[in-house]
Structures are given as structure tokens and as C-alpha cells.
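Open your viewer and get your selection tool ready. We will stop at a few places together.

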Amino acid sequence: MNSINRQVLFSAAAIFMTAMQVAGRAEETNPPSGFRAIFNGRDLTGWYGLNPHSVANLTGEKKEASLAQQRADFPKHWSVENGELVNDGHGPYATTDAMLGDIELLIDYKTVPGADSGIYLRGMPQVQIWDWNQVFDPKVPTRRPHLGSGGLFNNTPGAPGRDPLVLADRPFGEWNHFRIRQVRDRTWVWLNDKLVVDGAVMENYVDRGQRLPDQGPIMLQTHGGEIRWRNVFVREIGADEAAKLLSEHEAATKAVLAQALTLHASFDQGLDADFARGDQKCYVAQGKELAPAALTEDVRLSPGAGRFGGALHFAKKNSFRPLFKDAGALGYSSERWNASVSVWLRLTPDEDLEPGYCDPVQIVGDDGKKGFVFLEWSKDETPRYFRYAIRPLFHIWNPDNVQWDQIPFDKRPMVQVERAPFSRDAWTHAVFTLDNINDKSQPQRGRLYLNGKLQGTIENWDLAFGWDPESVRLVLGAAYVGYLDDLAVFNRALSDREVQYLYELKQGVGELR
């Protein structure tokens, strides 16, 4: 073989060996500007094995032995293939050596049917990863994989962020991309460029009475199904940027709520609304006519007794029911109706309420058989149940023409809370939402929140109403005995985070104006 042929063969072999080496290792990690790679794409450097739940109740030598065993088991279940960090579905969680605080994390994952995984932040569970094709099981109502990945699954059921805002998962076989921002105890999650958690508080799973620790590792959970990770990049957020991000988020939330506000009644100076996009006047019904409402001995203002300033006090059960016209406040539409109502209440129901149903807030039209929305306390149970109901056209919710209390609880279009947190000694914040009422092309539903936490959802109903829009009213105090304050109406269904924000306002809805 001449020298030229030998040189050609040598060059070809070198090219082949180089190609094989490139195919067998990661593409060089290339983090975006400001980020650094915490997985090098070649080996497990910078990571070790730990399942914190398995050692939570261990101490001393037993704990040390378990920790050592998990480190030894780590490479048995985790490997690197083609630049991907791969777990076989078993073993301890991949845990960073680095202890991290306020960060922005970029990470891609790809998993398999039946998967159940997640990302721990500061060593705390977790940004959830689901097989979103699973069918919802009503027997386990707080487990909702069909809503998709990205939620803070270990938050208290009903807390903001526990379920994702939208379904953003890609089909199996495709890579998913997370962008996660953790600032103090607030978490933002984008999945495939869609916002699924918007600044929700991530609860301390170990001690819910405490905030998250200031620092901790990132942990990639194993949970029975193969999962692959790549492009794991992190950017640490300094104190000034963290303060700015939190301030901007609060300002943005406040601005969008202010834009959605349509009516606010503080009951500091009188019955009329302090603000309304339509009619601010408070009325009472006199037959088919409305007259300006005037306070009575049984329904009066109580200066300084409110959650914020004054309050409206229903001292005894009576027929006086102050109301506000829709007039743009509730925005009722025969095509699509979206709204939210917020109110603070103070009473001990089993002691203060008189026998019979009690509705502190109702939305009514020209005929109760054409639709009826209300908060109520039940009349017979002890303790009395608190409910939110959306009753559409009569034949939909009551095809057998029987009394409301004769229909089984699970067959009524309502959310029922058996032990709601109402007391004379503390104010309780109630919010209910109306979403896509009268629009069969969209999911129709209503949600009830108490003290910022979701209590339940009315869904899988045809919520069709037949009201004359000119007749729609917001009515207060039907058989109610107790205090009521800071009534507000919004022109859309508020998100979990927005409801939580309302609950946390130091001076009430007046801050939005």
C-alpha cells in the first residue's frame, strides 16, 4: 500500500473515531448568557443520591448508614447517555452538591407513560411531572394528573399553584422544557413556554408553619418510570433583583385586578358602593320596583367593626335585602358570562343563624327557574354546611321536580364545605367565580375559595341561564345574621393567585382603586 493510500485510510479512521466519540458523549453544554451548567453532559460529577423521605425519621448511625447506601446506589440507577441524565425509575433522587437559594432554572425532560416525577427546589417537593393522560379519579379528588405537569403538588390542596394554570405537556416521546424561577418562597413555572404557576407560595413540606429554607439542593425525583433530563442550567438571583421581581409581580397583579374591578362597597360610610363601573346606588326591592336602600334597626353600619374600617351588620333575621343592579357590575351575558364576587363575613353559624337556609350573597334574575347563584348555609345539618351553588335552568339541575334538599349532595351543582372556618372571633374571606356560563363551547364552571384556598369546583354541568339581563341583581343578607364587609365584583373568573392576593391585601379592595 503506498503512502498516499495509507494516509487516506489513516485520515478516514481518525474521522470515524472522532465521530464515534462525539456520538457517545454529550454535545458540549452551552448555557444561555448568565446561566451555568450544573450537569456537564458527560458524567455524574456534581450530583449524589438522596431520598430525603427515607431518612426523615432516622437518626444517628442508622441515618448515616442510609445516606451512605444511597450514595452507593446512585450510579446503579442513574447514568449518562448521549448527553442525557437518565434514571431507570428507581433508586435515590439525583441531588446537587450545590446549595442554591433564589434561582432561575432551565431543564428539559422526557418521560414515559405512567410516569410520576418532579423537581425539588431547596430540597423541598416539588414541581410535579405527571403522565397527563391519566383519567381523573373522583375518589381521589386532590390528585389531578389530567390537568398536566408543573404544579406545586405538595402544596395544601386548594392552595394557589397546586394545580397548573393550563395544560402544557407535550406528547410522550417529545422533550418538555421547564423554566422555573424561585424567589424567596414564591415560585413561577413555565412549561413549554406557557405559564403554569404564577408566583405562588411554595409551602414548606416539612413544616408548613415555616417558610422555605433560604438554601437547599435541586433534586430530580425517581418514581417508577424512566425519565431523561438534559440542558440543566441555573442562574442565581441576587438580593436586588429578587426584591425587584417580587415588587414587579405584586404591582402587575394589583394592576390587572384593578382593571377587572367593577364594583366595591366598603360599608364605611353607607350602603352605596364606593366604586362602580355602572350604578353605585344600593337598592331594595319593593314589589317589582326598586327604591334606594335605607338602613334599619336590624341592618346597620358598625364603624370600626369591619375587616377594614366599618362593616354592614345584619343583627337579626329579617326581610331587608340590600342589592346592587348589574348595570355593568356583574356583566351578565346570554352568550358568555364571567365574573367573581369577593366578600368578608364574620359569624359563628351554628350559634348566630336562625333556622332555615341562609344566603349571605345571591345573584338573581327575573325568575329563579331561569337561574340562581348563591352562597348558603344549610338548614338542618349540625354543624351547618357552607355551600356555593350555580343553579342553571330548572330542567337541567332538577329534572325530577323535587325540593333542593331532596337531591343527593353529589347530584347538585354546588361546592359543599362541611366545616368551613367561620367564627365571630375572626373574619373569613369568601370568593366565588363564574366561568363561561352560557357558553357550551368552553368549560363551564364555578369555584369557591375560603381564606385564599380553593374549596371545590362546580364543573361538568350545562350551566345555561335564561335571565333577562336588565333584571340581574346582586343581593345581600337573605336570612343572614352576622357581619359583612368589603364586597367586590370583578368582570372575570379570578385565578388562584389573584384570589390569594385579595386575601392578603392589608387594606382591602380599596387598595386597588
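What volume does the second largest pocket have? About 390 Å³, where a pocket is an open set of points on a 1 Å grid over the protein atoms alone, fitting a 1.4 Å probe, with protein on both sides within 12 Å along at least five of seven lines.

This is a predicted model, with local features needing pLDDT of at least 70 and side-chain atom pairs pLDDT 80 or more, while totals for chains, interfaces and linings use all residues. Residues are numbered from 1 along each chain as its sequence is written, and side-chain values use heavy atoms, without hydrogens or water.

Colour by type and you will find four nonpolar, two polar and ten charged residues in the lining of the second largest pocket.

Next, move to the largest pocket, with about 1,600 Å³ of space. Its lining counts 43 residues, and Arg144, Gly456, Thr457, Ile458 and Glu459 lie nearest its centre. Strand S28 (453–458) is one of the contributing elements, and S28 gives the most, five residues.

Finally, pick helix H3, residues 60–77. Ser66, Gln70, Asp73 and Phe74 are buried there, meaning under 20% relative accessible area with a 1.4 Å probe, protein chains only.

Terms used: Helix = DSSP H or I, 4+ residues; strand = E, 2+ residues; numbered from the N terminus. Expected span 1.5 Å × (residues − 1). Buried < 20%, exposed > 50% of the residue type's maximum accessible area, 1.4 Å probe, protein only. 1 Å grid on protein atoms, 1.4 Å probe; cavity = no way out; pocket = protein on both sides within 12 Å on 5 of 7 lines; lining within 4 Å. Points joined across faces, edges and corners; volume = space filled by probe spheres on them. Nonpolar A, V, L, I, M, F, W, Y, C, P; charged D, E, K, R; others polar.
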